Structure formats: structure tokens, C-alpha cells
Amino acid sequence: MKHSFLSALLLLSLLSLPAFSREIYVSTTGSDSNAGTSASPYRTVQKGITSSVAGDFINVRAGTYVERLSFSSKSGTAASRITLRSDPANGGVLPAVDGATLAPPANNDLSALLTITNCSYVTVQGLEFKNYVTSNASAIPCGIHIQGSGTGVRILGNKVHHIWQSSTGDANGFGFVAYGSNGASPLDQLLIDGNEIYDLRTGSSESFTLNGNVTNFTVSHNVVHDGNNIGMDFIGYEGTASANDYARNGVVSDNVVYKIDTLNNPAYDGERAAAGLYVDGGSFITMERNEVYDCNYGIEIASEHAGRNATNCIVRDNLVRSNHIGGIIMGGYDSSRGGVTNSSFTNNTLYKN
């Protein structure tokens, strides 16, 4: 009897232990036929991703990796994430995923240097995504793309830059975009913190976007600058999801957004029309302690869709300065659009707009 009791205690103790964590290594001097260890690293980041399971750390050593990366239906758990990160031994040097020699496909589908599809509890930390450029109007280049549904994805401390849609016509590109495209299951508990997103040409699209069925998100401590369309956009009612098609229940705090200007964007024909921070049909979104300057508009709360409003938004304690046309604007920009309801604008500092 005593033996059975002790065995049960041992089993309970084992079940309560966290999942085994493995360190996977990737290096420009490695090989995908290696074991993925520190002494025998993989060559491609994608091999590290494909080989990972819950609890693993994929450590990417300094260098340049010419590849597109994809997490697809691969998840950790709340206690045991999958973490793709700069190797701690890099000393703060960010390994680069470089698309300079990768042409975005001209098929009217979004193509990203990193795509995360239907994943939960995945972290991407301390990488650089750069140089994904096209002049083809039917190609849609992007730095980081999250899509589908999932819980607890974290994008932390990365750099995204030189993502260019350089067509002279009406075309699209993104620095970062999250599409909650599953009407039944949201992208839930996104944390986007401490990233720098800059040097972007995005045509008719935005530098940073949460669109569709996205909820309970935190967007904080990011720096977005030098883009030729909207800085950060939180969107509803574009048909991204069959239900719950609006970004909601989020906090946008302590970000810095500057030099956002459509003046030389071919999609705008010389019009200055871009906001640094924009809620377009989103709901229950708090924007606080952000700094926005040298944009066409500072902060815009609106809806571009007739019969739909941005609702229950709080805009407070922001510094909005030196913007070209206006500091804070709200409503629908013409009579065929939606508007804003049940929202508050308090304790903001507006200067030299």
C-alpha cells in the first residue's frame, strides 16, 4: 500500500514538471543534415523551425539568411512555447533574414519573409527582416505576416525594414500584418512589443496592421517610421473574417510613430492622407502614452464602411506634435462612410500640428 502511494506521488510529480526544453542551433556555416546542436548546427532557419516542438528554443547565430520562413499549424503551450530567437551568444547582433534576391511572387497573394499560420504560443524575438522589394503591382511583399487563428503569439524586439512595393500604380505591401481570418476562432492575445518597423513603401496598404478577428492584443514600445502610408492601423469590416470581423479589446501604448507621409506615394496622386495611429472600425481599443509626429495626421479614429462605426475607443495621454494636416481627427471622411461612437479623447497634448 505504501509502495502504491509513493508511486502515485512520483507520477504526480513527473506530470507537474514543465515540458523538456531543447536548444536548436542555426548557423550560416552549418548544414541541414547536421543534428542542430551547438557543435553541429543547421544551415537554414526553416530547418530549425520544422524540427521544433513545444518548449524548444531555436537559436539563430549572427549572419544573413536568404530564405522565406513559415510556421504553419505548429504550436507550443502556455507553459512551453516555441521560441525563434537571436542566439544569446550573438551579443545583441540581430541575425538577418534577407529577401534581396527573393522576388515576391506576382500572383496577387501576400508573400512574407516570415509567415505564421494558425499557430499558438510561438515567440519570434530579436531577428531582422529586410530587403523584400518589387515593382510588380500584382506582388504583395511583407516583412512579418500572421494569419488564421491562434493564441499567444509574441513578436518581440525585431527589426523590419526596406519592404518596398514600388509599382507606379495601385498596389500593396506591408511591414507587419496580422489577419484574423477565421470567423469562429480569433487571433487572441497577440503581443507585439519593442519592434522597429521602418523604410517602407506599402502602396495602398499600411506599415503595421491588425485586421479582422483579432482580440485581446497588446501593441507596445514599438517604433514605426519612414513609411509612405498609414503607420499603425486597427481595422474592421473589410471582409477578412466571416464573423467577428473587427480588431477589438486592445491596448496600443508607448509607441513612437513618425515620418508617415503619402505625398510621394503613387497610390495617392500627391494627396497627404496617412495617419500615424488609426482605428478604422475597431472597438474597445485604448491608445495611450504614444508619441506621433511628422505624419499627415497624428491620430485618426474613424470607419471607412457605411453603417459601421469605430466604438468605445479611448485616446488619452498621447503626445501629438508637428503633423502636417491635423493632430487628432475623428468620424467618417465623407458622407458615405461610417463614424465614431462612445469614444473619449482626454489629456492629450497637441502641439504645432
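Which residues do ring pairs link into a cluster? In this predicted model, local features need pLDDT of at least 70 and side-chain atom pairs count only at pLDDT 80 or more, while totals for chains, interfaces and linings use all residues. Residues are numbered from 1 along each chain as its sequence is written, and side-chain values use heavy atoms, with hydrogens and water left out.

The cluster consists of Phe176, Phe208, Phe217 and Phe234, linked by ring pairs. Rings of Phe, Tyr and Trp (its six-membered ring) pair if their centres lie within 6.5 Å; planes under 30 degrees apart count as stacked, over 60 as edge-to-face and the rest as tilted. The structure contains 6 aromatic pairs. One of them, between phenylalanine 217 and phenylalanine 234, is stacked, at 5.7 Å centre to centre and 5 degrees between the planes. This pair links distant parts of the chain, 17 residues apart: phenylalanine 217 lies in the loop between strand S19 (214-215) and strand S20 (218-220), and phenylalanine 234 in strand S22 (residues 232-235). Strands (E, at least two residues) are DSSP runs, numbered from the N terminus. Both phenylalanine 217 and phenylalanine 234 are buried (under 20% relative accessible area, with exposed over 50% and partly exposed in between; 1.4 Å probe, protein chains only).

The ring centres of tyrosine 237 and tyrosine 246 are 5.6 Å apart and their planes lie at 15 degrees, so this pair is also stacked. Tyrosine 246 has a relative accessible area of 22% and is therefore partly exposed. Over the ring of tyrosine 246 sits the charged end of arginine 248, 5.0 Å from the ring centre (CZ of Arg or NZ of Lys within 6 Å of the centre and within 35 degrees of the ring normal).

Terms used: Helices (H or I, at least four residues) and strands (E, at least two) are DSSP runs, numbered from the N terminus.
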